[in-house]
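Welcome, and thanks for taking a look at this one with me. Here are a few points to follow as you explore.

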Amino acid sequence: MNKTRPAPDLWLFLCIMGLLTIGMVMVYSAGSVLAFHDYGDSFYFVKRQLLFAVLGLVAMFFTASIDFRVWKKYANIALIVCFALLVIVLIPVVGVVRGGARSWLGISSFGIQPSEFMKLGMILFLSKWLSSEEWDITSFGKGLMPPLGLMGLAFGLIMLQPDLGTGTVMMGAAMMIVFTAGARLRHLGMLGLAGAAGFVGLILAAPYRLKRITAFLDPWSDPLGAGYQIIQSLYAIGPGGLGGLGLGMSRQKYSYVPEPQTDFIFSILAEELGFIGGLIVLLLFLILVWRGMRVAMTIPDRFGSLLAVGIVGMVAVQVIINIGVVIGLMPVTGITLPLISYGGSSLTLMLTALGILLNLSRYAR
């Protein structure tokens with residue numbers, strides 16, 4: 001007699017839907033002025049976001065209904081496809097340049113961002129690889145270096161676009177899997193120092209990244225240049241106060257905050273909904289991370305546990321970086337806020353991954 005599995009975690013599902021709903025409202029509110037100015041349609045961004053939300057929800061319910069162990073069989077294929085897309089996007093006649101990065105595949109304004117899919121592909125593959133009982137992750141040379149080499153190769157291809165933000169999120173989620181799998185803290189500490197040195201090298205190698213660092217340290221040294229985004233973001237957050245100026249009443253979205261519907265949407269949200277609105281969003285993310293880590297700790301399957309850690313890590317790292325940038329605690333990196341910011345590939349991928357997490361929650365004790 002087959003035992004029926006319980007329904008997915010209700011708290012997790014409600015957080016996802018709550019954040020998605022807030023995101024749809026804020027994409028319209030934050031992007032309506034820019035949409036009307038550029039396209040003559042105030043609903044331009046929200047209509048596209050709604051389309052990708054529907055596609056993402058279909059993908060989420062699909063992955064939520066499939067036994068998570070199925071993905072273990074296709075992890076190798078998924079990673080190969082992701083690597084192939086990262087190579088194809090670098091071909092000048094194929095890859096589309098947007099915002100100074102050759103990160104897109106598609107036609108006209110419709111496209112996909114292969115680096116977004118690599119995040120989930122790497123999580124699936126590492127979860128499978130490191131869940132093997134034969135693999136000794138505590139060994140530095142034979143256990144830790146091979147997965148790190150694979151991660152480094154993916155990061156290098158992403159940096160050729162270049163897309164430091166997405167590469168950082170992928171590495172952060174992957175390192176959480178490596179740590180959970182049992183890697184020695186001493187080894188990770190040494191690699192952390194090497195990574196920090198490499199990160200400094202990447203910053204020094206590109207003048208625009210160095211400008212972002214100097215702007216982060218002192219945005220007022222170049223208020224109309226490198227420091228402009230941070231200053232305008234803080235100008236949006238400050239007047240919001242406790243309750244905000246009111247939904248749709250933002251002043252900074254009138255061509256002050258660049259691309260207010262994407263990377264800096266949280267600053268517009270804080271301006272319109274205030275500290276209370278921002279706190280609600282942060283609490284929803286916190287509950288999502290809590291319920292996701294609860295799944296990782298209680299599911300009686302090593303592959304499932306590492307997979308949950310990777311998905312939750314991807315969300316958490318992206319939230320920390322995005323909000324850190326918006327409130328001036330981190331340099332500008334170009335990272336969207338999961339489920340809130342405008343963006344087709346990011347939204348679809350995130351909902352697909354969260355569908356897997358919902359399925360994992362059905363097997364948690």
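How much space lies in the second largest pocket? Please keep in mind as you read that this is a predicted model.

1. **The second largest pocket.** The answer is about 580 Å³. Its lining is made up of 19 residues, and those closest to the pocket's centre are Met 171, Gly 172, Met 175, Gly 195 and Ala 196.

2. **Where that lining comes from.** H7 has the largest share, with 9 residues. Sorted by class, the lining of the second largest pocket holds 13 nonpolar and 6 polar residues, and no charged ones.

3. **Ile 137, in a loop.** You will find Ile 137 between helix H4 (114-130) and H5. Is it buried or exposed? Ile 137 counts as buried because its relative accessibility is 5%, below the 20% cut-off. Setting aside neighbours within four places in sequence, Ile 137 is in contact with Leu 130, Gly 143, Leu 144, Pro 147, Val 178, Ala 181, Gly 182 and Ala 183. For a sense of distance, Arg 69 is 68 residues away along the chain from Ile 137, and their C-alpha atoms are separated by 22 Å.

4. **Phe 117, in a helix.** Phe 117 belongs to helix H4 and is partly exposed, with a relative accessible area of 28%. Leaving out residues up to four places away in sequence, Phe 117 touches Cys 82, Ile 112, Ser 345 and Leu 349. Leu 79 is 38 residues apart from Phe 117 in sequence, with 9.2 Å between their C-alpha atoms.

5. **Aromatic pairs.** The model has 10 aromatic pairs. One of them joins Tyr 39 and Phe 45, whose ring centres are 5.9 Å apart. Why is this pair edge-to-face? The planes of the two rings stand at 90°, and an angle over 60 degrees counts as edge-to-face.

6. Tyr 39 and Phe 45 are linked by ring pairs with Tyr 44 and Tyr 342 into a cluster. Tyr 39 is partly exposed, at a relative accessible area of 45%, whereas Phe 45 counts as buried, at 5% relative accessibility.

7. **A charge over a ring.** Do have a look at Trp 290 as well: Arg 291 lies over the face of its ring, 4.7 Å from the ring centre.

How values were computed
Residues numbered from 1 in each chain as written. Predicted model: local features only at pLDDT ≥ 70, side-chain atom pairs only at ≥ 80, totals over all residues. Heavy atoms only, no water. Phe/Tyr/Trp six-rings, centres within 6.5 Å; stacked < 30°, edge-to-face > 60°. Buried < 20%, exposed > 50% of the residue type's maximum accessible area, 1.4 Å probe, protein only. Lys NZ or Arg CZ within 6 Å of the ring centre and 35° of its normal. 1 Å grid on protein atoms, 1.4 Å probe; cavity = no way out; pocket = protein on both sides within 12 Å on 5 of 7 lines; lining within 4 Å. Points joined across faces, edges and corners; volume = space filled by probe spheres on them. Helix = DSSP H or I, 4+ residues; strand = E, 2+ residues; numbered from the N terminus. Nonpolar A, V, L, I, M, F, W, Y, C, P; charged D, E, K, R; others polar. Contact = heavy atoms within 4.5 Å.
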